[in-house]
Structure formats: structure tokens, C-alpha cells
Amino acid sequence: MAAVQDEIPGLVIHTVRQPDGQPASIQAQFETFHQLNPWVLRALEALTADYLKRGASRVGIGMLFEVLRWRYVTATEGDEFRLNNNFRSRYVRLLIERHPEWARAFEVRSLRTE
């Protein structure tokens, strides 16, 4: 198993690859990705807290993903940054689970796949 990437400086994001013929669910892919890249959730928490502190009442996970991508690309060189959009809904749920006071700031829809 790959080492866990826990800090942003010099970041190497660990991607999730499945053996041929063994499709994994989005949830399983997300869980593996999250385990290997715990910094992503912390970065999303920091972005959300900062945005809400500045007076926003609503925040979109799409915006947060794009800000995170932009910050990563401008702060590092080399590896291509891969943050799967399929994981957006899972990260919103984690953010709300860890910060219930943010539940009204995010729109959460039902999951179409597990």
C-alpha cells in the first residue's frame, strides 16, 4: 500500500487504481483515496471555515474543489493533480458529519450510487 500523503508542501497525491476486471464502487474508491490523502479533507475544512467566516451563508463543494485545485497547481510543480469530481458528494457529507453547524451551508442531494 502507498504511503499516506498528510501534508500539502511537496504534495504527491496518491491516486486510486483498481486491478483490471475488478470495478470498485465510487464509495470504495473514495474511502481508499481519503485514507491515502487525509490532507484533502483538512484543506476543504479550512476553505469552508474561511469562506463562512467572511459572511457567506452558502458554499458549493464545486467551488471548493476548484480553489483547492488552483492552490495546489500554483504551489507545486511536477505531478498532475487529480481530485475526482465523483468524490464531491462524499466530502460534503464528511464536512457536515465533522461540522454539523455547516449543514445549512451545503446543499446535499441523495446519492445515486454507493
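Okay, so let's start at the largest pocket: α4 is the top contributor to its lining, giving five residues. Helices here are DSSP runs of H or I, at least four residues, and strands are E runs of at least two, numbered from the N terminus.

Quick caveats. This is a predicted model, so local features need pLDDT of at least 70 and side-chain atom pairs pLDDT 80 or more, while totals for chains, interfaces and linings use all residues. Numbering runs from 1 along each chain as its sequence is written, and side-chain values use heavy atoms, without hydrogens or water.

Back to the pocket. Its volume is about 480 Å³, meaning the space filled by probe spheres on grid points joined across faces, edges and corners. A pocket is an open set of points on a 1 Å grid over the protein atoms alone, with protein on both sides within 12 Å along at least five of seven lines; lining residues have an atom within 4 Å of a point. There are 20 lining residues, and S89, R93, R109, S110 and L111 sit closest to the centre. Two elements give two or more residues: α3 (61-75) and α4 (88-98).

Of its 114 residues, 35% are buried, which is under 20% relative accessible area with a 1.4 Å probe, protein chains only. And contacts, meaning heavy atoms within 4.5 Å? Among those between residues at least 6 apart in sequence, 61% join residues at least 24 apart.

Technical notes. Buried means under 20% relative accessible area, exposed over 50%, partly exposed in between (1.4 Å probe, protein chains only). Contact means heavy atoms within 4.5 Å. On a 1 Å grid over the protein atoms alone, a cavity is a set of points where a 1.4 Å probe fits but cannot get out, and a pocket is an open set with protein on both sides within 12 Å along at least five of seven lines; lining residues have an atom within 4 Å of a point.
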